[in-house]
Amino acid sequence: MILPRWRWWFLVALLLAVVIAAIYLPILRRNIKQAAKLQQRSEEQARRELTQPTVINPSDPKVKAKLFWASGADDGTVSAVTVDLPLSSEPVLRAKQVLNTLLAGPVDTELRTLPPDAALLAFYLLPDGTAIADFSEALATSIPSGIQSEQMAVDSIAKTLAANVPQVRQMKILIHGQEMETLAGHLDLSQAFVVNTNASPRADSGGTGSSTSAQQLTPAATAVKLAASPSDAAARP
């Protein structure tokens with residue numbers, strides 16, 4: 001049976017439509033995924049702007065602040081980058097200013113040490129020089145799990161505070177107001193980290209030292225949480 005000419009043209013057009021769809025469908029899917037990622041980034045940025053208000057005051061005198069990001073040597077070290085910033089002379093506000101700038105990240109995003117969606121929720125400085133830095137959950141959930149990446153994150157925070165806020169003696173990190181055992185499964189957050197051993201207690205502390213034991217930031221001295229083996233558990237009294 002010979003098909004009418006119009007049916008042949010219809011079949012050809014249908015075949016062409018199938019071929020075109022097969023070619024452009026993957027491109028359409030990729031564009032949809034990219035649009036979703038851009039929307040997610042926009043939402044993260046908006047949330048960050050709400051939780052992390054800018055505390056930079058242009059009227060503050062500009063100083064050469066040192067911010068610590070990844071060195072790029074792929075060895076887990078951080079290095080200082082000097083940035084001209086208007087910084088307050090008040091320690092708590094100054095700490096917020098440098099930490100918010102640290103969270104914003106370096107020009108080279110490959111050298112970032114903290115997740116882009118992480119935010120500083122609060123910062124307190126006790127009279128004995130103990131700083132309490134409270135970060136959003138993204139600091140723990142978005143950081144790559146591993147002792148090196150977690151160590152770099154804490155090193156960059158502590159070294160930035162040490163270089164710019166000399167009143168900070170040691171630092172305790174909270175996640176959304178809660179004490180955590182580890183950052184993302186490896187680095188111990190149960191104790192404070194030494195920031196500046198030469199820091200002097202604030203005038204209202206009465207000269208007393210901190211009762212919080214602090215751990216050094218060197219990789220060799222980093223406390224790592226390891227699950228106890230059954231034999232270890234059985235050996236305990």
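**Entry 1: a charged pair**

I started with Lys-64, which is exposed, with a relative accessible area of 63%. I'm reminding myself here that this is a predicted model. Which residue does Lys-64 form a salt bridge with? I found Asp-84 as the partner, with the closest N and O atoms 3.3 Å apart. Lys-64 belongs to strand 1 and Asp-84 to strand 2 (residues 78-86), so the pair ties together parts that are 20 residues apart in sequence. Asp-84 counts as partly exposed, at 43% relative accessibility. I then looked up how many salt bridges the structure holds, and the count is one.

**Entry 2: helix 2**

Next I checked the length of helix 2 (residues 91-104). At 1.5 Å a residue, its 14 residues should span 20 Å, and the end C-alpha atoms are 20 Å apart, so the two agree.

Is helix 2 mostly covered or mostly uncovered? I got mostly covered, since 11 of the 14 residues are buried, and buried means under 20% relative accessible area. Among the buried ones I noted Val-92, Ala-95, Val-98, Leu-99, Leu-102 and Leu-103. I also spotted Arg-94, Gln-97, Asn-100 and Thr-101 in the buried set.

Then I looked at both ends. At the start of helix 2, a side-chain oxygen of Glu-90 comes to within 3.1 Å of the backbone nitrogen of Val-92. Just after the helix, Gly-105 has a positive phi of about 95°.

**Entry 3: the core**

I looked up the largest nonpolar core and found 39 residues in it. Phe-123, Phe-135, Ile-157, Leu-161, Met-171, Ile-173 and Leu-183 have the most contacts inside this core. Several elements supply at least two residues each, including strand 1 (62-70), helix 2, helix 4 (147-164) and strand 5 (170-175). Which element gives the most to the core? It is helix 2, with six residues. My side note: in soluble globular proteins, nonpolar side chains tend to be buried together.

Leu-161 lies in helix 4, and it is buried, with a relative accessible area of 0%. Skipping residues up to four places away in sequence, I listed what Leu-161 touches: Ala-95, Val-98, Leu-99, Phe-123, Pro-166, Met-171 and Val-195. Val-195 is 34 residues from Leu-161 along the chain, yet their C-alpha atoms are separated by 7.2 Å.

**Entry 4: a hairpin**

Do strand 3 and strand 4 run parallel or antiparallel? I found them antiparallel, joined by five bridges. Leu-120 stands opposite Phe-135 in strand 4. The hairpin has four residues between the strands, and Gly-129 takes a positive phi near 95° there.

**Entry 5: Thr-113**

Last, I went to the loop between helix 2 and strand 3, where Thr-113 is found. Is Thr-113 buried or exposed? I read a relative accessible area of 7%, which is under the 20% cut-off, so Thr-113 is buried. Its side chain makes a polar contact with the side chain of Ser-156, at 3.0 Å. Setting aside neighbours within four places in sequence, I noted that Thr-113 is in contact with residues including Phe-68, Trp-69, Val-78, Ile-143 and Met-152.

Definitions and conventions. Residues are numbered from 1 along each chain as its sequence is written. This is a predicted model: local features need pLDDT of at least 70, side-chain atom pairs count only at pLDDT 80 or more; totals for chains, interfaces and linings use all residues. Side-chain values use heavy atoms; hydrogens and water are left out. The expected span of a helix is 1.5 Å times one less than its number of residues. Buried means under 20% relative accessible area, exposed over 50%, partly exposed in between (1.4 Å probe, protein chains only). A polar contact is a pair of N or O atoms within 3.5 Å; within protein, one must be able to donate a hydrogen and the other to accept it, and residues adjacent in sequence count only if both atoms are side-chain atoms. A nonpolar core is a set of buried Ala, Val, Leu, Ile, Met, Phe, Trp, Tyr and Cys residues joined through side-chain atoms within 4.5 Å. A salt bridge is a side-chain nitrogen of Lys or Arg within 4 Å of a carboxyl oxygen of Asp or Glu. Two strands pair if DSSP finds at least two bridges between them. Contact means heavy atoms within 4.5 Å.
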